[in-house]
Amino acid sequence: MVGTELEQVADELRSADKLLLTTHENPDGDALGSLLGLHLLLRQLGKDAAMFLAADEFPLPHEYRHLPIDGVLNAPPTDLAERLVVFLDCGNIDRMPVDFLRADGIRIVNVDHHHDNTRFGEVNVVDPSASCTAELVWRLVHELGAELTPPMAEALYIGLVTDTGRFMYRNTGPEAHRMAAELIEAGASPHAVNRQVFESLPFRRIELLARGLQRVQRFDDGAITTTYLSRDDFVETGADETDSEGIVDHLRSVEGTAVAVLVRDLLAEDRAGLRKVSLRAVDGEVDVSRIARGLGGGGHTQAAGFTTALETPELLERVRAEVGEQRG
Ligand code: 5GP
Ligand code: MN
């Protein structure tokens, strides 16, 4: 089934001359790694492939600032109608909230690994067994008979290592390690990626983390471990929204936690009064994507999120009730 889907996507890519690649808002390592990896692959095949990210995504999260995505577009290309549009790592089309990509007549290819993907493309490859979207791009490299170059390998390795939680999450299986081995053979450097992505934190991140850790709360005998970051926390530390990445992972490491929750104020003027909630499940007992979907978001069973206007106490009540229901 998925094999056939992958072949269909490969056919689409092969027969397109002009393409536009994009990924979800607030792009993470898998989003950017897949985007860049597929871009390099298509360029190798001689295609006119462009990448698109909305202007407000810049600057990119600190850990990805070195990624060579020069030339990425921030506005629709004038020849958009001639381009095949490829969405990467997007569970639904609203993950890239840009109207021009929804215009009539645009042909969409959807490459993703979210189990709740709405299959919004004309052609879709959706494989929830893939550890990351970068894994699907890696399979496309083979399917299209391309050569895995060092820059391609490094981009895809970043997707793999971030989406698997450095090979620690439940989506880490033999295939993730086989992919890693092949990418390393092709020139990806685990040490260099580790230094760039995980060990070059701006100091403001540690200050933000300290604030988050200082006010951790636990509910329901420790099953829920939660914290929040206010607008003031961001302003006073000089942090931007992407600097909160990874804080929720500290909460999931607390013994007895079934679900970790980070609530943070959104900073953009047009999002004042809204909060972003990150959910992480620890042991497979709770499907956090169900909770997120019920509140207008989505994601994976183990990592999901949503944006809400609910006040923090009220939204924690909702999350607690849902976790309680799922745990029986
Ligand atoms: P994070 O908590 O790191 O922002 O997001 C974790 C995962 O949840 C993401 O990889 C993505 O799959 C999903 N996610 C986060 N926010 C949203 C959202 O607003 N809508 C949907 N559909 N998925 C989200
Ligand atoms: Mn992903």
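The questions and answers below walk through a predicted model, from its sheet to its ligands and a few backbone details.

In this predicted model, local features need pLDDT of at least 70 and side-chain atom pairs count only at pLDDT 80 or more, while totals for chains, interfaces and linings use all residues. Residues are numbered from 1 along each chain as its sequence is written, chains are lettered from A and ligands numbered from 1 in the order in which they are written, and side-chain values use heavy atoms, with hydrogens and water left out.

Trainee: Which strands stand at the edges of the open sheet of 6 strands?

Mentor: Strands are DSSP runs of at least two residues, helices (H or I) of at least four, numbered from the N terminus. Two strands pair if DSSP finds at least two bridges between them. The order is E6-E7-E8-E9-E11-E10, with mixed pairing. Each edge strand has a single partner strand, so one side is left without a neighbour in the sheet: these are E6 (217–219) and E10.

Trainee: Is strand E9 largely enclosed or open?

Mentor: Buried means under 20% relative accessible area, exposed over 50%, partly exposed in between (1.4 Å probe, protein chains only). One side of E9 carries Arg-275, Val-277, Leu-279 and Ala-281, the other Lys-276, Ser-278 and Arg-280, and all are buried. With 7 of its 7 residues buried, E9 (residues 275–281) is therefore largely enclosed.

Trainee: Which residue in E11 is the bridge partner of Leu-279?

Mentor: E9 pairs with E8 (residues 259–265) in the antiparallel sense over 7 bridges. There, Val-261 stands opposite Leu-279. E9 also pairs with E11 (residues 303–308), antiparallel over 6 bridges. In E11, the partner of Leu-279 is Ala-304.

Trainee: Which element gives the largest share of the shell around ligand 1?

Mentor: A residue is near a molecule if one of its heavy atoms lies within 4 Å of it. 14 residues surround ligand 1, the closest being His-114, Lys-276, Ser-278, Arg-280 and Ala-304. By class, the shell has 3 nonpolar, 8 polar and 3 charged residues (nonpolar: Ala, Val, Leu, Ile, Met, Phe, Trp, Tyr, Cys and Pro; charged: Asp, Glu, Lys and Arg; polar: the others, Gly among them). The largest share, 4 residues, comes from E11.

Trainee: How far is a polar side-chain atom of Arg-280 from an oxygen atom of ligand 1?

Mentor: A nitrogen atom of ligand 1 is 3.1 Å from a polar backbone atom of Gly-298. An oxygen atom of ligand 1 is 3.4 Å from a polar backbone atom of Gly-305. For Arg-280, the distance is 2.8 Å.

Trainee: How are the donor residues of the manganese ion (ligand 2) spaced in sequence?

Mentor: Donors are N, O and S atoms within 2.8 Å of the metal (3.2 Å for Na, K and Ca); water is not among the atoms, so sites may look incomplete. Here they come from Asp-30 (OD), Asp-89 (OD), His-113 (NE2) and Asp-163 (OD), at 2.2 to 2.4 Å. Asp-30 is in helix H2 (residues 29–44) and Asp-89 in the loop between E3 (84–88) and E4 (108–112), 59 residues apart. The spacing is D-x58-D-x23-H-x49-D.

Trainee: What is the relative accessible area of Asp-220?

Mentor: Asp-220 is found in the loop between E6 and E7. Its phi is positive, about 55 degrees, although it is not a glycine. Asp-220 counts as partly exposed, and its relative accessible area is 35%.

Conventions: Polar contact = N/O pair within 3.5 Å; in protein donor to acceptor, adjacent residues only side chain to side chain.
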